[in-house]
Amino acid sequence: MDETLSKIADKALEGKPVSREEAMRLASPATDLNELLFHADRIRRRFKSNEVKACSIISARTGGCSEDCAFCAQSVRWKTGVKPTPICSAGDVAMAAKRTAKAGSYAFSIVASGPGIRSGKELDIWCELLEAVAEAGVERPASLGALDDAQIERLKASGLSCYCHNLETSERFFPRICTTHSYADRIETARRIKRHGVR
């Protein structure tokens, strides 16, 4: 048993952050994968138990994104073959949400390519889609890019239950994978979401 690995896991189990040096130790090729998985499972059981919840998503708008995220097939800057699509209809979203609820999903998330909501008219459409998911009786998460306070309030009033807004890498490395928005921009949207009481 690797004592260093055990100590790092114990720290995480106590809710304490790990240092950069400790994180690098976890990522080292010398770390035994089976032991790493053992400790990861200990942490998962402590904070998440053995329950599995299924969430379904719909790509309500695909492709055509102006951002330059190096990893993303949705960007118009990369030749990925992804054809841009318009925003789905409320009827299509409602039907898909009902199907996934019947299959056991607890939530149906609306996701979209793009840097954020571009206009008041577009915000009206996203609100309509969230309201259409209500018919399925499931939670209504979304991932629609950067948001301002007024947009968050409107989405929340339409049933937004939680928001997915990924940080794909560390702040230090972020400028090497994206130049059209910053790590700080992503953090600011996450903070706004939290201030408005959305998970």
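Select the charged side chains of the chain to begin: 31 are positive and 26 are negative, and the centres of the two sets lie 2 Å apart. Lys and Arg count here as positive and Asp and Glu as negative, with His and the chain ends not counted; each charge is placed at NZ of Lys, CZ of Arg, CG of Asp or CD of Glu.

The model is a predicted one, in which local features need pLDDT of at least 70 and side-chain atom pairs count only at pLDDT 80 or more, whereas totals for chains, interfaces and linings use all residues. Residues are numbered from 1 along each chain as its sequence is written, and side-chain values use heavy atoms, with hydrogens and water left out.

**The whole chain**

Display the C-alpha trace, which spans about 55 × 40 × 35 Å along its principal axes. Colouring by secondary structure shows seven helices and three strands, in the order α-α-α-β-α-β-α-β-α-α from the N terminus. These elements are DSSP runs numbered from the N terminus (helices: H or I, at least four residues; strands: E, at least two).

The chain exposes about 12000 Å², of which carbon and sulfur atoms supply 55%; accessible areas come from the Shrake-Rupley method with a 1.4 Å probe, and for residues only the protein chains shown count as cover. Of the 199 residues, 37% count as buried, where buried means under 20% relative accessible area, exposed over 50%, and partly exposed in between.

**Helix 1**

Select residues 3-13, which form helix 1, and pick out the buried L5, S6, I8, A9 and L13. These residues lie on the same side of helix 1 because they cover an arc of only 160 degrees around the axis, the arc being that of the directions from the helix axis to the C-beta atoms. On the other side of helix 1, E3 and K7 are exposed.

Now inspect the two ends. At the start of helix 1, a side-chain oxygen of D2 comes to within 2.9 Å of the backbone nitrogen of T4. After helix 1 comes G15, with a positive phi near 80 degrees.

**Helix 7**

Finally, centre on T189 in helix 7 (residues 183-195). T189 counts as buried because its relative accessibility is 1%. Show its contacts (heavy atoms within 4.5 Å): leaving aside residues up to four places away in sequence, T189 touches G145, A146, L147, Y163 and H165.

How values were computed. Buried means under 20% relative accessible area, exposed over 50%, partly exposed in between (1.4 Å probe, protein chains only). A polar contact is a pair of N or O atoms within 3.5 Å; within protein, one must be able to donate a hydrogen and the other to accept it, and residues adjacent in sequence count only if both atoms are side-chain atoms.
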